[in-house]
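Thanks, everyone. I'll be quick.

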Amino acid sequence: MNAQPIDVRDMRIVHETFRRAYSEGAELVRANPTPSPQRVDFLADHLEFGLMMLHNHHESEDEILYPLLLERAPEQAPDTERIEHQHQEVAGAIEAASAAGREWRRSPSPETGEALALSLEALNAALQPHLDDEEQTVVPLAARTLTEAEWESVGEHSRAGIPKDKMSIAFGMLLEPLNEDDRNFMKKGLPAPVRLLYPILIDRPWRKYRDTLRNGT
Ligand SMILES: [Fe+2]
Ligand SMILES: [Fe+2]
């Protein structure tokens with residue numbers, strides 16, 4: 001048990017991106033289910049990337065966070081296990097959305113587009129209560145029972161799964177929904193050289209990507 005709880009706010013912060021990514025994806029597909037081939041590829045790649053990030057996030061929790069919590073706080077095991085098991089339902093929804101994305105990419109039509117949008121909404125519906133439970137129950141337990149290094153290793157594991165050439169996009173997506181405080185907190189975690197070159201390394205590529213995402217046809 002920690003005398004002082006460790007800082008675990010990054011879990012809630014990362015969740016904010018996941019909380020809106022899939023409903024936004026559904027909206028973008030519905031806005032034009034039969035766009036140009038380039039647009040189909042761009043959007044299908046974007047959705048696949050968003051699904052992969054969530055998969056990575058849960059994998060890090062499954063491999064590091066939940067086993068540590070079960071070891072540190074066995075008396076909380078029923079809650080911890082219940083919440084971890086929600087990952088399975090979410091994983092099924094991620095798989096279904098990936099398959100719908102592949103189908104839409106192969107054959108874009110109002111029908112495949114709507115099937116993709118529905119699968120993204122189904123994922124969102126399975127995901128939101130899991131994020132709530134994790135933030136309310138699991139994260140405070142981690143704050144009391146894990147070391148900073150252990151907590152940090154969960155985030156490191158997730159980041160390691162992001163391809164280098166997608167880092168700026170991932171970080172841009174992460175920062176976008178945040179308020180000033182949370183944004184500054186996340187920026188502080190960047191390596192100093194990246195922080196220094198933030199406008200060029202992250203902000204510029206992210207803005208270009210974001211404009212294509214929101215305004216591309
Ligand atoms: Fe999480
Ligand atoms: Fe989780």
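Let me start with a question: does D165 count as buried or exposed? Keep in mind that this is a predicted model. Now place the residue. D165 sits in the loop that links α5 and α6. Count its C-beta neighbours inside 10 Å and you get 8. The cut-off for exposed is 12 or fewer, so D165 counts as exposed. One distance for reference: D165 and L43 are 122 residues apart along the chain, and their C-alpha atoms are separated by 17 Å.

α5 covers residues 148–160, which is 13 residues. From first C-alpha to last, α5 reaches 18 Å, close to the 18 Å expected. Which of its residues are buried? W151, V154 and S158. Viewed down the axis of α5, the buried residues fall within an arc of 50°, so they line one face. Here is the general rule: an α-helix has 3.6 residues a turn, so residues three or four places apart point the same way. The cover over the buried residues of α5 includes α2 and α4. Turned away from that buried side, α5 carries the exposed residues E148, A149, E156 and A160.

Now the other side of the loop. Helix α6, residues 167–175, meets helix α9, residues 198–215. Their axes come within 8 Å and cross at roughly 80°. α6 and α9 are therefore roughly perpendicular. On α6, the contact uses S168, I169, F171 and G172. On α9, it uses L201, I202, P205, W206, Y209 and R210. By class, that contact has seven nonpolar, two polar and one charged residues.

That's my part.

Definitions and conventions: Residues numbered from 1 in each chain as written. Chains lettered and ligands numbered in written order. Predicted model: local features only at pLDDT ≥ 70, side-chain atom pairs only at ≥ 80, totals over all residues. Helix = DSSP H or I, 4+ residues; strand = E, 2+ residues; numbered from the N terminus. Expected span 1.5 Å × (residues − 1). Buried ≥ 20, exposed ≤ 12 C-beta atoms within 10 Å, placed from the backbone. Arc of directions from axis to C-beta. Contact = placed C-beta atoms within 7 Å. Axes fitted to C-alpha atoms, helices over the stretch in contact; angles between N-to-C directions. Parallel < 35°, antiparallel > 145°, perpendicular 65-115°, else oblique. Nonpolar A, V, L, I, M, F, W, Y, C, P; charged D, E, K, R; others polar.
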